[in-house]
Amino acid sequence: MEKLSLKFVVDSMLGRLARWLRLTGFDTLYFKNESDEKLLERTHNENRILLTRDRQVHQKAIKEGLRSVLIPAISKNEALALLSKTFNIQFDVNPSNSRCPICNGNIVPVEKEIIRSQIPNQTFEKYDQFWQCVQCGKIYWIGGHYESMRKIIAKIASI
Ligand SMILES: [Zn+2]
């Protein structure tokens with residue numbers, strides 16, 4: 001299956017996992033307060049895969065013929081390793097593919113001069129490439145967190 005064609009719905013208990021999926025480029029819906037019915041409806045209507053920690057919701061999804069993965073009480077990294085194996089996904093951090101971890105919007109390159117007033121001076125001096133979420137306007141750059149994400153991805157591959 002084509003990597004980025006996978007789209008997810010993530011239940012409220014898996015917020016960190018949802019952020020990671022977005023950062024690595026997956027269209028991921030995440031709701032803090034939404035009924036089980038609504039989660040199942042979005043999964044069905046948008047041909048998504050449900051990721052849930054709730055066994056009952058998972059079983060209900062399967063019964064309805066939906067794709068669902070039960071995520072047990074494991075770490076975020078272990079959960080990512082599980083998804084990597086289940087769907088044959090190679091996680092990658094490339095800002096050009098990333099989605100906004102906050103709102104799931106697409107992120108596009110933006111001219112540094114345009115966003116100058118919106119970022120700290122130090123950041124402006126240090127980095128040349130910036131991206132902006134088309135939906136919420138948040139600005140991103142390849143800082144130290146990308147390095148730590150790469151390390152985590154290497155770790156996931158060895159789980
Ligand atoms: Zn956003």
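Two strands pair if DSSP finds at least two bridges between them. Keep that in mind as you work through this predicted model.

**Exercise 1.** Find out how strand β3 is joined to β4, and which residue stands opposite Leu-50.

*Solution.* 
- Start with β3, residues 49-52: 4 bridges join this strand to β4, and the two run parallel.
- Now look across from Leu-50: opposite this residue, in β4, stands Ser-68.

**Exercise 2.** Work out the strand order of the open sheet and which strands stand at its edges.

*Solution.* 
- The 4 strands come in the order β2-β1-β3-β4, with parallel pairing.
- β2 (27-30) and β4 (67-70) each have a single partner strand, so one side of each has no neighbour in the sheet.
- From one strand to the next, the twist averages 25°.

**Exercise 3.** Identify the protein donors of the zinc ion and explain why their arrangement is tetrahedral.

*Solution.* 
- The donors are the SG atoms of Cys-100, Cys-103, Cys-133 and Cys-136, lying 2.3 Å from the zinc ion.
- Four donors count as tetrahedral if all angles lie between 85 and 135 degrees. Here the 4 donor atoms subtend angles of 97 to 117°, so the arrangement is tetrahedral.
- Along the chain, the donors follow the spacing C-x2-C-x29-C-x2-C.
- Cys-100 sits in the loop between α4 (76-87) and β5 (107-110), and Cys-136 in the loop between β6 (130-133) and β7 (139-140), so this pair ties together parts 36 residues apart in sequence.

**Exercise 4.** Decide for Cys-100 and Cys-136: buried, partly exposed or exposed?

*Solution.* 
- Buried means under 20% relative accessible area. With 0%, Cys-100 is buried.
- Cys-136 has 41% and is partly exposed.

Key. Residues are numbered from 1 along each chain as its sequence is written. This is a predicted model: local features need pLDDT of at least 70, side-chain atom pairs count only at pLDDT 80 or more; totals for chains, interfaces and linings use all residues. Side-chain values use heavy atoms; hydrogens and water are left out. Donors are N, O and S atoms within 2.8 Å of the metal (3.2 Å for Na, K and Ca); water is not among the atoms, so sites may look incomplete. Four donors count as tetrahedral if all angles lie between 85 and 135 degrees; four count as square planar and six as octahedral if opposite donors are over 155 degrees apart and all others between 65 and 115; anything else is irregular. Buried means under 20% relative accessible area, exposed over 50%, partly exposed in between (1.4 Å probe, protein chains only). Axes are lines fitted to C-alpha atoms, for helices over the stretch in contact, and angles run from 0 to 180 degrees between N-to-C directions.
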